[in-house]
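Open the model in your viewer and keep the selection tool at hand. The tour below goes stop by stop.

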Amino acid sequence: MTSTPRTRVLTGITTTGTPHLGNYVGAIRPTVQASRDASTDGFYFLADYHALIKCDDPVRIQRSTLEIAASWIASGLDTDKVTFYRQSDIPEVPELTWFLTCVTGKGVLNRAHAYKAAVDKNNAAGHDTDADVTAGLFMYPVLMGADILMFKAHKVPVGRDQIQHIEMARDMAASFNHLYGEHFVLPEAVIEESVALLPGLDGRKMSKSYDNTIPLFAPAAQMRKQIAGIVTDSKAPGEPKATEGSALFQIYQAFASAEETAAMARAYADGIGWGDAKQMLFERIDREIAPMREQYQELVQNPAKLDQILLAGADKARQMATPFIQELRHAVGLRALSSAHASAVNKEPKLDLPSFKQYREKDGQFYFKLVDAQGQLLLQSRGFASPKEAGQTIGRLQTEGIDCLDALSALLEPTAPSLRAALAQSIENLKYSKNMNSK
Ligand code: TRP
């Protein structure tokens with residue numbers, strides 16, 4: 001049986017809070033739907049190392065991990081089909097973080113939104129620039145890059161605020177690949193256009209940092225009460241209402257079909273009272289959530305079962321991560337000392353190779369020159385009667401290296417003394433790479 005390679009889709013959720021409707025609509029639901037597509041290979045994980053950056057309450061981190069794991073499974077994630085794991089069960093991730101740290105410009109991290117926001121805030125308040133900023137916050141994008149690159153993800157579904165991190169991960173991958181050979185896949189962000197940002201109770205983006213969330217699996221009565229607290233304008237029943245800028249309408253839209261949404265828009269125009277609109281919203285959300293609530297409760301009350309599921313997921317993930325980190329260790333030079341020779345043969349050499357350029361001058365003769373990767377002239381030939389003779393001379397330089405320079409001196413212009421070391425190195429590199437390629 002032949003199969004086309006599946007697109008690897010990977011995303012994580014930071015385990016600092018209780019999953020809310022924004023997480024569900026923006027991440028969990030589209031992810032679960034996408035995971036059913038047989039042409040994708042899903043990697044979904046609990047970003048608990050990331051949680052440490054924002055939260056120093058161990059109980060909260062543990063609880064959040066439990067709740068988020070239960071939420072994904074209750075929302076329909078099939079953990080047999082996808083790879084579902086906890087970041088901290090993959091020791092290869094922090095190791096890769098270090099490798100990436102060493103190819104990431106500090107200036108790039110200075111420009112990361114989360115760090116920059118903290119700095120701007122400090123500056124505005126007249127505090128020390130880095131007051132209360134941990135190195136963890138600063139390094140956040142690198143850890144995230146490791147999450148993504150570890151598993152060669154092609155697509156990373158995220159919220160808009162995370163796009164920059166995916167771009168940084170691409171840059172890290174490209175830098176590493178440039179230095180050490182093609183090891184990483186360059187990932188792409190995927191944004192769910194229709195529902196990327198769900199507003200919260202106060203109309204701003206629903207986010208645990210704004211404390212404006214509606215928990216995904218709150219008991220129905222609590223959810224109804226919270227929905228009643230969504231901000232609206234003060235228009236009375238009977239007055240036409242604007243859907244534009246209405247948090248209530250936007251949340252409704254995220255759960256409703258196109259027809260239901262159109263009906264709600266008409267109800268707004270017809271002056272539906274806010275109380276009735278909130279009741280409709282509650283009913284619509286509950287229709288989707290209620291069937292999952294039971295399984296969620298069961299899972300949360302059975303943490304040992306969740307541990308088992310997560311460890312099985314980590315095993316699956318490490319089948320890929322363990323050999324890959326070995327490959328990367330080797331690539332960067334962390335390898336058995338006794339493997340030095342073998343590795344020199346196996347590794348595609350990453351050399352800034354010079355190149356020979358052949359050309360014909362006005363005098364009718366054939367010439368070549370050797371220029372390094374930066375375009376600097378290292379060696380200039382004298383004229384040859386035919387291109388073949390020029391080519392043969394190049395061939396000797398490539399196969400014999402510096403050893404033949406003296407023998408060929410009559411055919412070559414002398415190289416300035418200051419460039420001779422560079423010339424010798426370049427010719428040796430060429431010889432080396434030619435030998436590699438013919439192996
Ligand atoms: N930073 C992401 C967030 O806060 C969570 C996350 C961590 C993540 N690692 C990731 C998302 C890797 C996608 C891929 O939403």
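**Stops in the predicted model**

Start with α1 (21–35), which gives the most to the lining of the largest pocket, seven residues. Helices (H or I, at least four residues) and strands (E, at least two) are DSSP runs, numbered from the N terminus. This is a predicted model, in which local features need pLDDT of at least 70, side-chain atom pairs count only at pLDDT 80 or more, and totals for chains, interfaces and linings use all residues. Residues are numbered from 1 along each chain as its sequence is written, and side-chain values use heavy atoms, with hydrogens and water left out.

Next, select Thr14, Lys54, Asp161, Gln162 and Lys205, which lie nearest the centre of that pocket among its 49 lining residues. A pocket is an open set of points on a 1 Å grid over the protein atoms alone, where a 1.4 Å probe fits, with protein on both sides within 12 Å along at least five of seven lines; lining residues have an atom within 4 Å of a point.

Now select Arg6 and Asp41, whose side chains form a salt bridge (3.6 Å, N to O); the term means a side-chain nitrogen of Lys or Arg within 4 Å of a carboxyl oxygen of Asp or Glu. Arg6 lies in the segment before β1 and Asp41 in strand β2, so the bridge ties parts 35 residues apart in sequence.

Move to Arg86, which bridges to Asp89 (3.3 Å, N to O). Asp307 also forms a salt bridge with Arg86, the closest N and O atoms being 3.5 Å apart.

Finish just after α8, at Gly181, which takes a positive phi of about 100 degrees.
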